[in-house]
Amino acid sequence: GDRSPSRYVPMRVFARWVSLLFAVCLVGVSGTRVLARRDPPPDVAQLMPDEDCPAPCWAGLQAGNLSDEALHAWLEFPPRGWRAERSKPTMTLPGAIDYWQITPLAGAPFGLAVVRVREPGGDAIELLPADLTLGEAVAALGAPEGILFHLGPDIAGVPMLQYQVSFREGDLAATGLLPADASHLAPGTPVEALIYQSRLVETSALTMDWRGFGPMARYYPQGVVP
């Protein structure tokens with residue numbers, strides 16, 4: 001039969017169209033991810049630092065340099081039309097003595113706690129989100145610098161691990177709990193608190209590099225947890 005190159009042109013054209021379609025899809029997915037990082041949902045964005053107030057600053061409050069006068073002024077006239085009301089804590093945080101509920105114009109209310117430390121730069125701001133996942137925090141802030149696991153409290157008789165993920169040279173951290181026997185660190189892992197702190201926390205010998213979401217074996221290949 002005729003084996004001239006003209007018979008194979010349609011196949012080559014088809015292959016090119018498939019390659020082009022794949023490239024368009026890849027760019028679309030990548031663009032969506034980039035857009036998600038730059039423009040997180042409002043409920044997430046309101047908990048994050050911004051260009052005008054980079055961590056450890058949040059919404060005009062400067063962790064480590066927060067006077068009583070500045071805090072009281074902020075609470076009397078919160079930014080963005082928010083409302084602040086003193087509240088009882090949904091969870092007890094070490095060193096936190098004051099708690100408020102912040103109600104935004106849209107989205108779920110969240111908690112604000114202030115940690116007072118009698119050391120220069122030691123004060124911290126802790127946000128208690130109503131519904132934030134570790135995956136959402138990573139999408140908004142970028143890849144973490146490190147992660148630390150240690151034993152947490154038992155909940156309903158179930159042993160828990162507490163994690164702390166550090167971002168931006170330790171000026172911001174996310175912390176929460178997961179079952180001690182969890183097989184995976186999942187993007188849906190709840191964040192109990194976002195911690196804005198003005199100085200680097202002393203690095204623990206147990207702090208590990210961020211190795212992404214996935215099996216806990218990434219962090220403990222021998223199956224040993226703290």
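Trainee: What does V191 touch, not counting residues up to four places away in sequence?
Mentor: V191 touches P129, L132, T133, L134, Y163, A174 and T175. Contact here means heavy atoms within 4.5 Å. This is a predicted model, where local features need pLDDT of at least 70, side-chain atom pairs count only at pLDDT 80 or more, and totals for chains, interfaces and linings use all residues. Residues are numbered from 1 along each chain as its sequence is written, and side-chain values use heavy atoms, with hydrogens and water left out.

Trainee: Why is V191 called buried?
Mentor: Buried means under 20% relative accessible area, exposed over 50%, and partly exposed in between (1.4 Å probe, protein chains only). V191 has 4%, so V191 is buried. The residue sits in the loop between β10 (184-185) and β11 (193-197). Strands (E, at least two residues) and helices (H or I, at least four) are DSSP runs, numbered from the N terminus.

Trainee: What makes β9 mostly covered?
Mentor: Seven of the eight residues in β9 (residues 172-179) are buried.

Trainee: How do you know that β8 and β9 pair?
Mentor: Two strands pair if DSSP finds at least two bridges between them. Strand β8 (residues 160-167) and β9 have eight bridges, in the antiparallel sense. Q164 has T175 in β9 as its bridge partner. On its other pairing, β9 joins β11 through four bridges, also antiparallel. There, A174 stands opposite L194 in β11.

Trainee: Why is D50 with R80 called a salt bridge?
Mentor: A salt bridge needs a side-chain nitrogen of Lys or Arg within 4 Å of a carboxyl oxygen of Asp or Glu. The closest N and O atoms of D50 and R80 are 3.5 Å apart, so the pair qualifies. D50 lies in the loop between α2 (42-45) and β1 (57-58) and R80 in the loop between α3 (68-76) and β3 (83-86), so the pair ties together parts 30 residues apart in sequence. D50 is partly exposed at 31%, and R80 is partly exposed at 40%.

Trainee: How many salt bridges does the rule give?
Mentor: Two. D98 also forms one with R86, at 3.1 Å between the closest N and O atoms. D98 is in strand β4 (residues 96-103) and R86 in strand β3, twelve residues apart. R86 has 58% relative accessibility, so R86 counts as exposed.

Trainee: Where does pLDDT stay under 50?
Mentor: Over residues 2-37. pLDDT is the predictor's confidence in each residue, from 0 to 100. Where pLDDT is low, the predicted coordinates should not be read in detail. The protein chain averages 80, and 74% of the residues score at least 70.
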